[in-house]
Amino acid sequence: MHMQIDFYVMEDANRMAALRELCLLLEAPYAQQQPIYIHTASAADADQIDKLLWTYRDDSFLAHQISGASDSAAPIEIGVAENTPRTTEILVNLSNQIPAFYQQFKRVIEIVFADPAVQQNARDRFRQYREHGCELNTHKMKVKPT
């Protein structure tokens, strides 16, 4: 199976700056109406990205919903560990492990920022994806810390 995994490495960014940058990264696939599933490790993480998608820019927002919140089909779905995604297009993994269902997606986005634990977990996931034969891309980005 040919799957694209993109690691966005934001070396100088803290978590909040990295998540803001993620919102900007999602604007292009969102504009192309590609369904996006954001996988989080906890309800608190889901809530944080939920709020940020409304407020990351003064002049726009990305329509989204937390998984299971309603029956509407928002272009971006935010899920917590045990949720099953509706889409198979783009997976944004914000957890420390590769989700069991990642292979149902065409593309996976991984966000890495200036935190030693986050960076080590990302290296582990990178190795696991490589062992599964995925196509890996690394994008180094300059992001100002907030």
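Tutor: Let's begin with a word we need: a residue is buried when its relative accessible area is under 20%, exposed when it is over 50%, and partly exposed in between (1.4 Å probe, protein chains only). This is a predicted model, in which local features need pLDDT of at least 70, side-chain atom pairs count only at pLDDT 80 or more, and totals for chains, interfaces and linings use all residues. Residues are numbered from 1 along each chain as its sequence is written, and side-chain values use heavy atoms, leaving out hydrogens and water.

Now look at strand E1, residues 4-10: six of its seven residues are buried, so the rest of the structure largely encloses it. Helices (H or I, at least four residues) and strands (E, at least two) are DSSP runs, numbered from the N terminus.

Next, its partners; two strands pair if DSSP finds at least two bridges between them. E1 runs parallel to strand E6 (residues 107-113), with seven bridges, and Gln4 stands opposite Arg107 there. E1 also pairs in the parallel sense with strand E7 (residues 135-141), again over seven bridges; in E7, Gln4 faces Glu135.
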